[in-house]
Amino acid sequence: MIDSASLLAVLPELILTAGGLALMLVAAFGGDGSARIVNWLSVLVLIGAGLALPCSLAHGPDAFDGLMRADAFSAFAKALIYVAAAAAILLAPRFFSVDGHPRPEYPVLILFAAIGMGMMVSAGDLLTLYIGLEMNSLASYVLASFMRQDERSSEAGLKYFVLGSLASGILLYGSALLYGFTGTTAFDGIAVALGDGVSKGELFGLVFLLSGLAFKISAVPFHMWTPDVYEGAPTPVTAFFGSAPKVAAIALTVRVAIEALGPAGLDWQQIVIFVALASILFGAVAAIGQTNIKRLMAYSSINNVGFALIGLAAGTPAGVAGTMSYMAIYVVMTIGAFACILQMRDADGKPVETIASLAGLSQSRKGLAAALAIFMFSMAGIPPLFGFWAKFLVFDAAVAAGLTALAAFGIAASVIGAFYYLKIIKTMYFDEPAIAYEAKGGAVENIVLTACAVVIVLGYLLNPVLDKASAAAAASLF
């Protein structure tokens, strides 16, 4: 039933919908000349949606008879999504100006993707889950192939579409099996049915559902699309893919596992542990031989997803809180790293993506080299940077839940992952200088990377706020 309380619960999505439709009309009538104003208005719309989050929590967690949830968990995830989406919009204009004029469709697509991601993290039913996921995916397919004149971008969009369609089919099949054997699509109803014991049909449905979600978070063995799409998509789009949709997919996976599949914890825990171990190991090893920094970031994202899933594998409030804190810190590191990558330009302003081109960067662009070093050290989990705290939280939760071997494996694999992060730092500071980049970067890029670097260095000052927010988000699921 639609009532005022339900509409208030989805107020952020309503703001994004109205803003997206209005800005689409502005883009249609204003043409490419309206790109700048559409960009900034899109950021304002995202800010408005973020400010509406407290209002959405005012009338209890359930909306539309349980189809959607408006709780602390969804609010935490949406805040991260909106921040990442705004950063992806702000970082784009200078990149798209190299070979032509910025196009106003880009921020509008980001807004529509954010609507889908908001539905994903608020889903209380398999139907809402699928609708939100597809809304995000449809916008993402277009974003991946946004530079139509670039063969790599077109190829990335096509690969993402084909493999994404396959994953959607797997997820739908799992949803159909769960509906057939439990008699409901509501998360609460599925949990009640699984509480009486997990039948073989329900187990197959659980496996297919988690397999479809594993594709969306680019976890092994459903990671095959990630390196090609990250490399081929425009760099601001890659920054977006590596942050906002990753948070939405991880949050959706956590909600499904805890709320819908909670009574079958022993069954899905084994799957999550395997996926976490495989993602950590494969992401670390496969990144070592990469020469393109965007492909390296793709394997890094696979590796980081594995670490985030360690918290989920614990299946405890502390584990879920650790996972959400990990994603918050990961978003900052990713946005900051891609703000640095966007400044990898030759003297003519053309983007450069090879790791070898970073040689001697510490001599020609000291600030950029220092910022990139901070993000690489943080992703490697080197204390006292904030990335260390992210890993500590999920390892601590795993040990507390009795998964000491899993935590030990994660710690050992962190050493492997540190190798390719340190390789970038070694290239910047110790290799013979390559052809120098342009003398200075864009103002927006500098502001974004500086802000992210400050958070990573001084992030421990934010621990009381982050810990309290993530704990409240986790508690709302249990």
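**Note on salt bridges, cysteines and helix surfaces**

1. Glu 259 is buried, with a relative accessible area of 12%; buried means under 20% relative accessible area, exposed over 50%, and partly exposed in between (1.4 Å probe, protein chains only). This is a predicted model, in which local features need pLDDT of at least 70, side-chain atom pairs count only at pLDDT 80 or more, and totals for chains, interfaces and linings use all residues. Residues are numbered from 1 along each chain as its sequence is written, and side-chain values use heavy atoms, with hydrogens and water left out.

2. Glu 259 forms a salt bridge with Arg 255, their closest N and O atoms being 3.1 Å apart. A salt bridge here is a side-chain nitrogen of Lys or Arg within 4 Å of a carboxyl oxygen of Asp or Glu. Arg 255 and Glu 259 are 4 residues apart in helix 14, so about one helical turn separates them. Helices (H or I, at least four residues) and strands (E, at least two) are DSSP runs, numbered from the N terminus. Arg 255 is buried, at 0% relative accessible area.

3. Glu 259 also meets Arg 69 in a salt bridge (3.3 Å, N to O). Arg 69 lies in strand 2 (residues 68-69) and Glu 259 in helix 14 (residues 244-260), so this pair ties together parts 190 residues apart in sequence. Arg 69 is buried as well.

4. Another salt bridge joins Lys 78 and Glu 13, with 3.0 Å between the closest N and O atoms. This pair links distant parts of the chain, 65 residues apart: Lys 78 is in helix 5 (residues 72-90) and Glu 13 in helix 2 (residues 11-30). Both residues, Lys 78 and Glu 13, are buried. The count of salt bridges comes to 15.

5. The whole structure contains 0 disulfides, a disulfide being a pair of cysteine sulfur atoms within 2.5 Å. Cys 340 is in no disulfide, and the nearest cysteine sulfur, that of Cys 452, is 8.7 Å away. Cys 340 counts as buried, at 2% relative accessibility. Cys 452 is buried too, with a relative accessible area of 10%.

6. Helix 23 (residues 463-475) has buried residues Asn 463, Leu 466, Ser 470, Ala 473 and Ala 474. They cover an arc of only 105 degrees around the axis, which puts them on the same side of helix 23; the arc is that of the directions from the helix axis to the C-beta atoms. The face turned away from this buried side carries the exposed residues Pro 464, Val 465 and Lys 468.
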